[in-house]
Amino acid sequence: MLNEMHVALENPVVDYKIVRQLAHKLRGSSASVGAFRVTETCSAFRGLIDLQNLQGLKQCLYRAHYENKTLKKHLEVLFKLEKKIKEAGGTVPPLNSEPPRPDPAADQAQPDTGSGAASSSGNNAPSLGNAGQSSRT
């Protein structure tokens, strides 16, 4: 999709409708696999397309290429690490399609005091608060 967008932006007469469709498709695809930096970069395309800012779109496309390459490098490292773990006889837990759901009974047994201390239910994971939300809208 990045290459298709590059071709579309290099045409002598840019079809901004096609560029918008490609940006939308890339944004959806990147969001579905958790590539949030690529997704955020694609979100910037919308305003630049509305302004028909060709130079800004090219810069944004360059950024999307960079974020995509960075993601690819990180994934390659993770896959190599997973392979080494398995070769050494270890196991890697499978990825779940959904995050685990909290046990309502555990919440009732341990009331939240708001102190931030870990509960005795064994869940020592820190609270994410608003970390999952983008600061940019």
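Student: Where does Ser30 sit, and why is this residue called buried?

Tutor: Ser30 is in helix α2; helices here are DSSP runs of H or I with at least four residues, strands are E runs of at least two, and both are numbered from the N terminus. The relative accessible area of Ser30 is 5%. Buried means under 20%, exposed means over 50%, and partly exposed is in between, using a 1.4 Å probe and protein chains only. Since 5% is under the buried limit, Ser30 gets that label.

Student: What kind of model are we looking at?

Tutor: It's a predicted model, where local features need pLDDT of at least 70 and side-chain atom pairs count only at pLDDT 80 or more, while totals for chains, interfaces and linings use all residues. Residues are numbered from 1 along each chain as its sequence is written, and side-chain values use heavy atoms, with hydrogens and water left out.

Student: Which residues does Ser30 touch, leaving out those up to four places away in sequence?

Tutor: Ala35, Val38 and Thr39. Touching is a contact, meaning heavy atoms within 4.5 Å.

Student: Which way is the crossing of α2 and α3 handed?

Tutor: Left-handed. That term means the near helix is turned anticlockwise from the far one by less than a right angle; clockwise would be right-handed.

Student: Which residues of α2 and α3 meet?

Tutor: From α2, the list includes Tyr16, Arg20, Arg27 and Ser30, and from α3 it includes Val38, Cys42, Phe45, Arg46 and Asp50. By class, this contact has 9 nonpolar, 3 polar and 4 charged residues. Ala, Val, Leu, Ile, Met, Phe, Trp, Tyr, Cys and Pro count as nonpolar, Asp, Glu, Lys and Arg as charged, and the others, Gly among them, as polar.

Student: How do you know that α1 and α2 are roughly antiparallel?

Tutor: Helix α1 (residues 2–10) and helix α2 (residues 16–32) have axes that come within 10 Å and cross at roughly 160°. That angle is what makes them roughly antiparallel. α1 passes α2 in a left-handed crossing. Leu2, Glu4, Met5, Ala8 and Leu9 of α1 meet Ile18, Val19, Leu22, Ala23 and Leu26 of α2. By class, there are 9 nonpolar, no polar and 1 charged residues in that contact.

Student: What about α1 and α4, at what angle do they pack?

Tutor: α1 and helix α4 (residues 54–87) pack at about 160°, with axes 11 Å apart. That makes this pair roughly antiparallel too, and their crossing is left-handed. Among the residues that meet are His6 and Glu10 in α1 and Lys58, His65 and Asn68 in α4. This contact has 7 nonpolar, 4 polar and 2 charged residues.

Student: Why is His24 called exposed?

Tutor: His24 is in helix α2, and its relative accessible area of 61% puts it in the exposed class. UniProt, in an unreviewed entry, lists His24 for "modified residue: Phosphohistidine". UniProt positions are given in the numbering used here, with feature names shortened, and annotations may be inferred rather than shown by experiment.

Student: Why is Gln21 called partly exposed?

Tutor: Gln21, also a residue of helix α2, has a relative accessible area of 45%, hence partly exposed. Its C-alpha is separated by 9.5 Å from that of Met5, 16 residues apart along the chain.

Student: What makes Tyr62 exposed?

Tutor: Tyr62, in helix α4, has a relative accessible area of 63%, hence exposed. The C-alpha atoms of Tyr62 and Leu2, 60 residues apart along the chain, are separated by 9.3 Å.

Student: How many helices and strands does the chain have?

Tutor: There are 5 helices and 0 strands. Of the 137 residues, 19% count as buried.

How values were computed. Axes fitted to C-alpha atoms, helices over the stretch in contact; angles between N-to-C directions. Parallel < 35°, antiparallel > 145°, perpendicular 65-115°, else oblique.
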